[in-house]
Amino acid sequence: MQKWMAWGLVLAGGGSSLMCGTPPQPPVEPQIPAVPDAGVSPPRSGATAEPAASARPASGATPLAVRSSTPGVIQCETMDCDAKTQVCCFDETTSQGRCLQRRPDGKDPCPRGAETRECDESSDCEEGTCCRVADFDDQCESIGGGWTCRGDGKCPTTDLSTEVCLPGSACGDRSCVASEHVVGWPREGLCPSSVNKVPCGSSRCGLGEACCYDPAAKRGTCVKDGEACEADATSGTRSLFWCTKRTDCDSDSECMNATGQAMYREFSCAERRCHFMGARLGPTLCTSKADCPDVSYGMEPDGTSTPYKLTGCNPSPLLPKGVRACEYQ
């Protein structure tokens with residue numbers, strides 16, 4: 001799985017405006033309410049239905065060989081599941097998989113903490129894309145996660161998307177990436193990012209590239225990964241852009257920064273709810289005020305907080321030409 005970065009540094013706004021995440025005077029760290037946004041899917045139930053005996057793998061069963069494509073079949077480590085009628089419940093502690101029948105109410109039939117796999121490649125989905133997701137309860141406690149079909153056809157993305165694929169397969173005209181830094185390697189892979197035409201100074205970056213931008217020189221360089229850009233940050237502020245607007249992301253994610261560093265920012269698609277650095281997320285990139293989330297600060301014991309006032313979706317000297325960020329007071 002892709003690494004999560006801690007968000008922190010905010011862009012300076014003009015006058016009395018400030019970018020998302022910038023504390024007002026006196027300084028107060030913004031707090032993100034612990035309730036889900038309207039666009040965030042509710043967590044799935046942790047039901048613990050017992051599988052039929054035929055769906056249980058034999059104790060110590062040997063994992064099946066990975067095949068590059070099995071449309072309609074979920075490769076469940078030690079057995080295969082019918083993607084139309086079953087889900088795969090994978091237990092990481094035992095490295096065993098088992099198939100459970102899909103529930104008529106759409107809730108998760110797997111035990112709490114098990115990884116639920118509704119697909120292992122997008123061809124298993126009747127519509128949409130097979131994405132890796134994380135599930136949390138109302139108190140943002142992890143209740144597992146897994147792979148699910150997303151109807152909007154998009155998954156969160158940095159250099160890789162969270163679209164799940166099988167090693168040796170293709171994602172459109174690009175190869176599935178299965179390597180040691182991908183969760184589940186060597187059995188699973190992730191598709192490369194499909195975001196392109198990222199504004200980068202006087203040019204735009206191509207498919208699978210990000211823009212490493214130097215705001216002092218107003219110059220950007222297209223890169224394949226962020227290591228060089230982060231290294232350059234020792235000599236001045238740098239920003240890395242894997243996305244530049246909300247529509248580059250899936251419906252539950254925003255294009256925002258969360259590095260928490262003074263010299264280096266990395267903008268990628270991420271979900272605000274239950275992010276471990278929830279109080280420091282931002283700034284959020286946008287094309288209009290409609291893309292900008294509600295942001296509050298000063299969370300009280302009873303759960304109330306004071307909202308920032310959204311003032312606009314505006315360009316900034318710290319962003320490449322054509323890129324805008326949400327501003328608040």
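Student: Is Glu 115 buried or exposed?
Tutor: Glu 115 is buried, at a relative accessible area of 16%. Keep in mind that this is a predicted model.

Student: What does Glu 115 form a salt bridge with?
Tutor: Its partner is Arg 117, with the closest N and O atoms 2.8 Å apart. Arg 117 is buried, at 1% relative accessibility.

Student: How far apart are the closest N and O atoms of Glu 77 and Arg 117?
Tutor: They are 3.8 Å apart, and the pair forms a salt bridge. Glu 77 sits in the loop between β3 and β4, while Arg 117 belongs to strand β7 (residues 115-117), so the bridge ties together parts 40 residues apart in sequence.

Student: Is Glu 77 buried or exposed?
Tutor: Buried, with a relative accessible area of 7%.

Student: How many salt bridges does the structure hold?
Tutor: There are 8 salt bridges. One of them joins the side chains of Asp 80 and Arg 67, at 2.9 Å from N to O. That pair links distant parts of the chain, 13 residues apart: Asp 80 is in strand β4 (residues 79-82), and Arg 67 is in the loop between β2 (30-31) and β3 (73-76).

Student: What is the relative accessibility of Asp 80? And the relative accessible area of Arg 67?
Tutor: Asp 80 is at 35%, which counts as partly exposed. Arg 67 is also partly exposed, with 31%.

Student: Now the inside. How many residues does the largest nonpolar core have?
Tutor: It has 16 residues. Those with the most contacts inside it are Val 198, Cys 211, Phe 241, Cys 255, Leu 285 and Leu 319. At least two residues of this core come from each of β14, β16 (210-214) and β20 (264-270). In soluble globular proteins, nonpolar side chains tend to be buried together.

Student: What does Phe 241 touch?
Tutor: Leaving out residues up to four places away in sequence, Phe 241 touches Val 198, Ala 210, Cys 211, Tyr 213, Phe 267, Leu 285, Leu 319 and Pro 320.

Student: Where is Tyr 264 found?
Tutor: Tyr 264 is in strand β20. At 1% relative accessibility, Tyr 264 counts as buried.

Student: What is Tyr 264 in contact with, leaving aside neighbours within four places?
Tutor: Gly 226, Cys 229, Glu 230, Ala 233, Arg 238, Leu 240 and Thr 259. The side chain of Tyr 264 also makes a polar contact with the side chain of Glu 266, at 3.1 Å.

Student: What does the side chain of Thr 259 reach?
Tutor: The backbone oxygen of Tyr 264, at 2.5 Å. Thr 259 lies in the loop between β19 (254-257) and β20, and Thr 259 is buried at 7% relative accessibility.

Student: Some totals to finish. How many strands are in the chain?
Tutor: There are 25 strands, along with 1 helix. The chain has 329 residues, and 48% of them are buried.

Student: What share of the contacts with a separation of 6 or more comes from residues 24 or more positions apart?
Tutor: Those residues account for 57% of such contacts.

Student: What does the accessible surface come to?
Tutor: About 15500 Å² for the chain, and 51% of that belongs to carbon and sulfur atoms.

Conventions. Residues are numbered from 1 along each chain as its sequence is written. This is a predicted model: local features need pLDDT of at least 70, side-chain atom pairs count only at pLDDT 80 or more; totals for chains, interfaces and linings use all residues. Side-chain values use heavy atoms; hydrogens and water are left out. A salt bridge is a side-chain nitrogen of Lys or Arg within 4 Å of a carboxyl oxygen of Asp or Glu. Helices (H or I, at least four residues) and strands (E, at least two) are DSSP runs, numbered from the N terminus. Buried means under 20% relative accessible area, exposed over 50%, partly exposed in between (1.4 Å probe, protein chains only). A nonpolar core is a set of buried Ala, Val, Leu, Ile, Met, Phe, Trp, Tyr and Cys residues joined through side-chain atoms within 4.5 Å. Contact means heavy atoms within 4.5 Å. Accessible areas come from the Shrake-Rupley method with a 1.4 Å probe; for residues, only the protein chains shown count as cover. A polar contact is a pair of N or O atoms within 3.5 Å; within protein, one must be able to donate a hydrogen and the other to accept it, and residues adjacent in sequence count only if both atoms are side-chain atoms.
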